[in-house]
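Biologist: Please put the model on screen, and I will ask about its ligands and a few backbone details.

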Amino acid sequence: MRKALKFVCALLSLLIALLVVSCIRTFLLTVSRSAAPTPCHRNESQGYITSEDAWPRFKKALQFRTVSNAPHVYNRKDLQEFVTFLLQSYPQVFQSPHVRRDIINEYSLLISVSGKNRSLTPYLLAAHLDVVPVVQEEWTHDGFGAEEEDDGSMVYARGAIDDKSNVIAQLEALSFLISKGIQPQRGFFLAFGHDEEVGGHDGAARIAEELWKRGIHDLDFVLDEGLTVLKDLFQGLPNNIAGIGVTEKGSLHLNLSVHSEGGHSSMPPKQTSIGILSAALAKLEANQHDIIFDEMTHNFVESISLDMPFPLNVVTSNLWLFKPLVARALAKGVSESMVRTTTAVTMFQGGLKPNVIPPTAWAVINHRIHPKQTIAEIIDRNRAVVNDKRVTITPLPGSYNAHPVSPHHPKKDRPYRLIRDTLLQIYPNVVTAPLPLVANTDTKHYLSFSKHVFRHNPIVLDVKTELHRIHGRDERLSKANLESAINFYYHLMMNADSDEHPDKSHSHSSEL
Ligand SMILES: CCCCCCCC/C=C\CCCCCCCC(=O)N[C@@H](Cc1ccccc1)C(=O)O
Ligand SMILES: [Zn+2]
Ligand SMILES: [Zn+2]
């Protein structure tokens, strides 16, 4: 008994000592923290663009039903009309002697802006024209009506966030640049694919082919849709987090199927194919893939730790002691998608009639694969968890592993610094963070052109009230967000020329 008491006292003393050390370490880190780097407010005289003129164009763009349903299955009529609308809405852009526009594979749009300094490697801004379908009965607004809130501050429509806001914002920024008589030093492309939501095989893939054919084999950087400025990601965090996607998770669509004897439902087996499959799916949902707390996550947590309120600042700034605790906390809520391979049962079919034993049942699971895992690992573990020979697990085509991580040292890596600095110009009080994008983009088609590939959508989204609208119901965007996005792209176009971001990678870019 005495020994046990001594052990408990020793343990308690150790715990108290560790806590004291952690608090002292946090205090020292806080007082010694160098002032946040002053955002490089580049060329403040660059000007500011309001969204007054853009807003009606954006609303019109949202009304085109450019829905993609499956690879090669999309609304060709509305895509064609949307592209025609864009070409007619920005006459200054398309009449400029420095701009070339090409329709690629009938519905995608490649806009080439030639730079004065042909020795500078061009960059590429990507967005996409298509949207996912609308389940209208779930919406409180017409999914393609572009209806506004009473005060005109918000518009509701599919594509408001993903991704027509970026199509319009990039064109508005270019239009403003041209209206000021500016020809950029560094050339660039605006690449608008028309089937991103079904893999980009007909759109971005064909734009990439066109660039390659033209002899454009290098891009200074690629920026596509992605993480946003996240509001209230964690309770108590005073600043918004501007995630910059320096990689993106892999995507694996798995088909699970069960085939069994049919027959009359009055003489049923112990389990029908639907029951067998349901049990397998329930096991996979109950046994999530492991939490992975990698270096990027570690750096991210440390980068926000000293801004967290007590005691979270102590816990998150002492990962040497509290890493297991923080890892478990991150595995809750939306941040779970950053620390593990996610499992989403997205499709289920089975059964013919109420009185017929179903001979077949199938389901589709979408895994978004953590950058530290592979497709093979995920399939092997799934098979072990299901552990039922009656269930056939087959990977569907179009799956891919996570992307390479783009260089993202804010001092050494100019393209990352350019995007970070431009974000800080628009959102001076955010914490920028290199993170994995939890979803996927058309960047998969541009990886061979540059190692500097980023995924960021320059809008502020409240994690609780807005994220679920992406691919969900009542998608919407505020006028303020559209305005910020336009100014982000405009400043990016200007900053890409800035001497603060000297390009040491001179290469002779071919004709744009
Ligand atoms: C601590 C950080 C936590 C991070 C939380 C996550 C925050 C997420 C914020 C924004 C996510 C926006 C995603 C926008 C890009 C997605 C575009 C898209 O929908 N792409 C499709 C592509 C695809 C994939 C597979 C088959 C067909 C198409 C997708 O990802 O589904
Ligand atoms: Zn998208
Ligand atoms: Zn999408």
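Biologist: Which residues are closest to ligand 1, and how many surround it?
Modeller: This is a predicted model. Among the residues around ligand 1, the closest are Glu-196, Glu-197, Arg-368, Asn-440 and His-471. The number of residues that surround ligand 1 is 23.

Biologist: How far is an oxygen atom of ligand 1 from an N or O atom in the side chain of Arg-368?
Modeller: Polar pairs are counted within 3.5 Å. Glu-197 has a polar side-chain atom 3.3 Å from an oxygen atom of ligand 1. On the backbone side, a polar atom of Asn-440 is 2.7 Å from a nitrogen atom of the ligand. For the side chain of Arg-368 and an oxygen atom of ligand 1, the distance is 2.7 Å.

Biologist: What percentage of the area that ligand 1 exposes when taken alone does the protein bury?
Modeller: Taken alone, ligand 1 exposes 770 Å². The part of that area buried by the protein is 90%.

Biologist: Which domains each give at least three residues to the shell around ligand 1?
Modeller: By composition, the shell has 11 nonpolar, 7 polar and 5 charged residues. By domain, at least three residues come from each of domain 1 (54-232 + 408-417 + 433-505) and domain 2 (247-395).

Biologist: Which residue coordinates both the zinc ion (ligand 3) and the zinc ion (ligand 2)?
Modeller: The protein donors of ligand 3 are Asp-162 (OD), Glu-197 (OE), Glu-197 (OE) and His-471 (NE2), at 1.8 to 2.7 Å. The two zinc ions, ligand 3 and ligand 2, are 3.4 Å apart. The residue that coordinates both is Asp-162.

Biologist: How many residues apart in sequence are the parts that Glu-197 and His-471 tie together?
Modeller: The donor residues of the zinc ion (ligand 3) follow the spacing D-x34-E-x273-H. Glu-197 lies in the loop between β8 (188-193) and α6 (204-213), and His-471 in the loop between β18 (453-462) and β19 (476-478), so the pair ties together parts whose separation in residues is 274.

Biologist: Is Ser-96 buried or exposed?
Modeller: Ser-96 sits in the loop between α4 (91-95) and β3 (99-104), and its side chain reaches the backbone nitrogen of His-98 at 3.0 Å. Its relative accessibility is 8%.

Biologist: What is omega for the cis peptide bond that joins Phe-310 and Pro-311?
Modeller: The peptide bond from Asp-162 to Asp-163 is cis, with omega near 15°, and Asp-163 is in the loop between β7 (154-156) and α5 (164-179). Pro-311 is in the loop between α8 (295-305) and α9 (312-316). For the cis bond between Phe-310 and Pro-311, omega is about 0°.

Biologist: Does Glu-106, which has a positive phi, count as buried or exposed?
Modeller: Phi of Glu-106 is near 75°, and this residue is not a glycine. Glu-106 is in the loop between β3 and β4 (108-113). At 53% relative accessibility, Glu-106 counts as exposed.

Key: Residues are numbered from 1 along each chain as its sequence is written. Chains are lettered from A and ligands numbered from 1 in the order in which they are written. This is a predicted model: local features need pLDDT of at least 70, side-chain atom pairs count only at pLDDT 80 or more; totals for chains, interfaces and linings use all residues. Side-chain values use heavy atoms; hydrogens and water are left out. A residue is near a molecule or strand if one of its heavy atoms lies within 4 Å of it. A polar contact is a pair of N or O atoms within 3.5 Å; within protein, one must be able to donate a hydrogen and the other to accept it, and residues adjacent in sequence count only if both atoms are side-chain atoms. Accessible areas come from the Shrake-Rupley method with a 1.4 Å probe; for residues, only the protein chains shown count as cover. Ala, Val, Leu, Ile, Met, Phe, Trp, Tyr, Cys and Pro count as nonpolar, Asp, Glu, Lys and Arg as charged, and the others, Gly among them, as polar. Domain bounds come from an automatic or database domain assignment. Donors are N, O and S atoms within 2.8 Å of the metal (3.2 Å for Na, K and Ca); water is not among the atoms, so sites may look incomplete. Helices (H or I, at least four residues) and strands (E, at least two) are DSSP runs, numbered from the N terminus. Buried means under 20% relative accessible area, exposed over 50%, partly exposed in between (1.4 Å probe, protein chains only).
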